Amino acid sequence: MRNYCILPSPIVSLPVVGNVVGGDDRFPVRRIYCVGRNYADHVTEMGGDPNRSTPIFFTKSRETIVQSGATISYPPLTENLHFEVELVVAIAGNIDGKTEVFGYGVGLDMTRRDMQAAAKKGGKPWDMAKNFEDSAPCSAIMKASAAPDISAAAITLTNEGVVKQSSTLDKMIWSVDEIIAHLNKTVPLAAGDLIYTGTPEGVGSVVAGETLVGTIDGLPEIKVTYA
Ligand code: MN
């Protein structure tokens, strides 16, 4: 036993569903990687050119995870908090040199859009626009062995029951396998990593009092309310 001079940070984890023995299994989260610009119509709505799009990656701290059902405080230093619904891929680890997928979930890549726009304009890092308290809500993780074929599944986000984002996963420019291959050339993926795989078009604002629900057909939903 080591004598830590302060209490170590708690382990961050998500519930697991599908083929679960006992029903209380948890997926412990290591790093969170996020893909930018992975749906052509979203690249366009952000002012980019989808024909010249290459995947970009950024990270969030695992402490930004929020479980479904939570009420979240509207974050400081923004007047334009945006939702981005995304397929989340949970990594089981590397077996015989191949990265294995543990399961899938639905996540919200919450973004302080005004802060991000100001940083982009000034050529400055926009980390704080993405990586802030409660900025990565995520559903339970469905084990890959129990999940249906989601390669062309519908993905939606509703705000107060009104559909704001609606697309299908086959519109991703970079597939899950391609994202994993690209990331592995950059950093070693490891057991516990989550990958937020990018959002389709229709991103928009949420204000206090509103409830967001993100869905992918066949997977558990993510639902959060802003206070
Ligand atoms: Mn995103």
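Tutor: Two strands pair if DSSP finds at least two bridges between them; strands (E, at least two residues) and helices (H or I, at least four) are DSSP runs, numbered from the N terminus. This is a predicted model, in which local features need pLDDT of at least 70 and side-chain atom pairs count only at pLDDT 80 or more, while totals for chains, interfaces and linings use all residues. Residues are numbered from 1 along each chain as its sequence is written, and side-chain values use heavy atoms, with hydrogens and water left out.

Student: How many bridges join strand β7 to β10?

Tutor: Strand β7 (residues 81-83) is joined to β10 by two bridges, and the two run antiparallel. Leu81 has Arg112 as its bridge partner in β10. The pair belongs to an open sheet of three strands, ordered β10-β7-β16, with antiparallel pairing. Its edges are β10 (111-112) and β16 (204-205); each has a single partner strand, so one side of each is left without a neighbour in the sheet.

Student: In what order do the strands of the five-strand sheet stand?

Tutor: That open sheet has the order β6-β18-β17-β13-β14, and its pairing is mixed. At the edges stand β6 (71-72) and β14 (162-168), each pairing on one side only. Strand β13 (residues 154-159) is antiparallel to β17 (residues 211-216) over five bridges, with Ile155 opposite Ile216 and Asn159 opposite Leu212. Strand β13 also pairs with β14, antiparallel over six bridges, and there Thr156 faces Ser166. A hairpin is formed by β13 and β14, with two residues between them, and Glu160 in the turn has a positive phi of about 55°.

Student: Which other residues have a positive phi, and where are they placed?

Tutor: Leu77, a residue other than glycine, has a positive phi near 65° and is placed in the loop between β6 and β7. Asp134, likewise not a glycine, has a positive phi near 60° and belongs to the loop between α3 (127-130) and β11 (136-138).

Student: Which residues are the protein donors of the manganese ion?

Tutor: Donors are N, O and S atoms within 2.8 Å of the metal (3.2 Å for Na, K and Ca); water is not among the atoms, so sites may look incomplete. Here the protein donors are Glu84 (OE), Glu86 (OE) and Asp109 (OD), 2.0 to 2.1 Å from the manganese ion. Glu86 lies in strand β8 (residues 85-95) and Asp109 in the loop between β9 (98-108) and β10, so the pair ties together parts that are 23 residues apart in sequence. Glu86 and Asp109 are both buried.

Student: With which residues is His42 in contact, beyond its neighbours within four places in sequence?

Tutor: Contact means heavy atoms within 4.5 Å. His42 is in contact with Glu84, Thr199, Pro200, Glu201 and Val203, leaving aside those neighbours. His42 belongs to helix α1 (residues 40-45) and counts as buried because its relative accessibility is 7%.

Student: How many disulfides are found in the whole structure?

Tutor: A disulfide is a pair of cysteine sulfur atoms within 2.5 Å, and the search of the whole structure finds zero. For Cys34, the nearest cysteine sulfur is that of Cys138, 10 Å away. Cys34 counts as buried at 0% relative accessibility, whereas Cys5 is exposed at 77%.

Notes
Buried < 20%, exposed > 50% of the residue type's maximum accessible area, 1.4 Å probe, protein only.
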